[in-house]
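Reader: I have a structure open and a few things to ask about it. Can we go through them one at a time?
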Amino acid sequence: MIGLSFDYGQRHRRELAAAATVAGALALEEHHVIAVNLAAWGGSALTDPAIPVPDEGVREGVIPTTYVPGRNTVFIALGLSLAEARGAGSLVLGVNAVDYSGYPDCRPDYLAAFQSLADLATKAGREGHGARLWAPLVAWDKATIVREALRLGVPIAETWSCYSGEDLPCGRCDSCRIRDAALVAAGRADLASAAIRAGAALRAGADG
């Protein structure tokens with residue numbers, strides 16, 4: 001398996017550090033980090049410090065300010081390039097359209113359209129053996145994703161979802177709150193942000 005992460009000008013690099021840790025834990029054959037500066041033109045709370053990170057909760061039918069213009073289109077295009085160069089049969093995407101924001105580039109119709117484009121845009125696709133876009137989590141609720149990750153032995157404690165670049169998850173941003181709710185629903189409240197911060201406070205007190 002080959003991993004691909006992106007340094008796209010996001011507010012912090014904490015998620016990239018987590019990706020490297022997880023790649024090591026999963027013993028990936030390769031893990032590439034590609035720099036593409038989407039922050040150059042901003043337009044998102046994740047790339048523009050002037051736009052506040054939302055913490056008021058996700059509203060159905062409203063695309064939040066954390067949507068990054070064109071991000072998944074850029075990411076998938078680069079992923080297809082890597083897949084074709086390596087002769088990979090699948091490009092696995094972690095996008096999810098359920099109980100979150102309904103980002104336009106995380107929806108099944110978008111993925112289907114991009115597959116059609118990929119089949120036309122690559123040599124491998126024209127020859128009938130291009131990479132298939134596979135988004136196994138797209139229709140799963142977050143708690144189901146957590147349970148499956150636990151079953152597969154994914155090191156969830158090493159992953160990062162928080163929009164903050166602090167050492168510990170903030171527990172306030174929309175991403176933290178969605179993640180925490182899923183962990184609690186899956187029976188792993190011990191991995192939620194409140195538990196992580198409480199444990200860090202206890203350790204700090206013991207060291208003091």
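Reader: How much space lies in the second largest pocket?
Author: About 210 Å³. Keep in mind that this is a predicted model.

Reader: Which residues lie nearest the centre of that second largest pocket?
Author: Ala157, Thr159, Trp160, Pro169 and Ile196 lie nearest its centre, out of 18 residues that line the pocket. Two elements, α6 and α7 (193-207), each give two or more residues to the lining. The largest share comes from α6, with 4 residues.

Reader: How do the lining residues of the second largest pocket divide into nonpolar, polar and charged?
Author: There are 10 nonpolar, 3 polar and 5 charged residues in that lining.

Reader: Back to α6. What does it reach from its first C-alpha to its last?
Author: Helix α6 covers residues 174-185, 12 residues in total, and reaches 17 Å. That is close to the 16 Å expected at 1.5 Å a residue.

Reader: Which residues in α6 are buried?
Author: Asp174, Ser175, Cys176, Ile178, Arg179, Asp180, Ala182 and Leu183 are buried. Charged side chains are on that list too, including Asp174 and Arg179.

Reader: Where does Ala27 lie?
Author: Ala27 is in the loop between α1 and β2. Its phi is positive as well, near 55°, in a residue other than glycine. Most residues other than glycine have a negative phi.

Reader: Is Ala27 buried or exposed?
Author: Ala27 is exposed, because its relative accessible area is 61% and the cut-off for exposed is over 50%.

Reader: New topic, the strands. How many bridges join β1 to β2?
Author: 6 bridges join β1, residues 2-7, to β2, residues 30-35, and the two strands run parallel. The chain gets from β1 to β2 through helix α1, residues 14-25, in a right-handed β-α-β crossover.

Reader: Which residue stands opposite Ile34 in β2?
Author: Phe6 does.

Reader: Last one. Where is Arg151 found, and why does it count as exposed?
Author: Arg151 is found in helix α5, residues 142-152. Arg151 counts as exposed because its relative accessible area is 58%, with the cut-off at over 50%.

Reader: What separates the C-alpha atoms of Arg151 and Glu30?
Author: The two C-alpha atoms are separated by 24 Å, and the residues are 121 residues apart along the chain.

Definitions and conventions: Residues are numbered from 1 along each chain as its sequence is written. This is a predicted model: local features need pLDDT of at least 70, side-chain atom pairs count only at pLDDT 80 or more; totals for chains, interfaces and linings use all residues. Side-chain values use heavy atoms; hydrogens and water are left out. Two strands pair if DSSP finds at least two bridges between them. A crossover is right-handed if, with the strands pointing away from the viewer, the path from the first strand over the helix to the second runs clockwise. The expected span of a helix is 1.5 Å times one less than its number of residues. Buried means under 20% relative accessible area, exposed over 50%, partly exposed in between (1.4 Å probe, protein chains only). On a 1 Å grid over the protein atoms alone, a cavity is a set of points where a 1.4 Å probe fits but cannot get out, and a pocket is an open set with protein on both sides within 12 Å along at least five of seven lines; lining residues have an atom within 4 Å of a point. Grid points are joined across faces, edges and corners, and a volume is the space filled by probe spheres set on the points.
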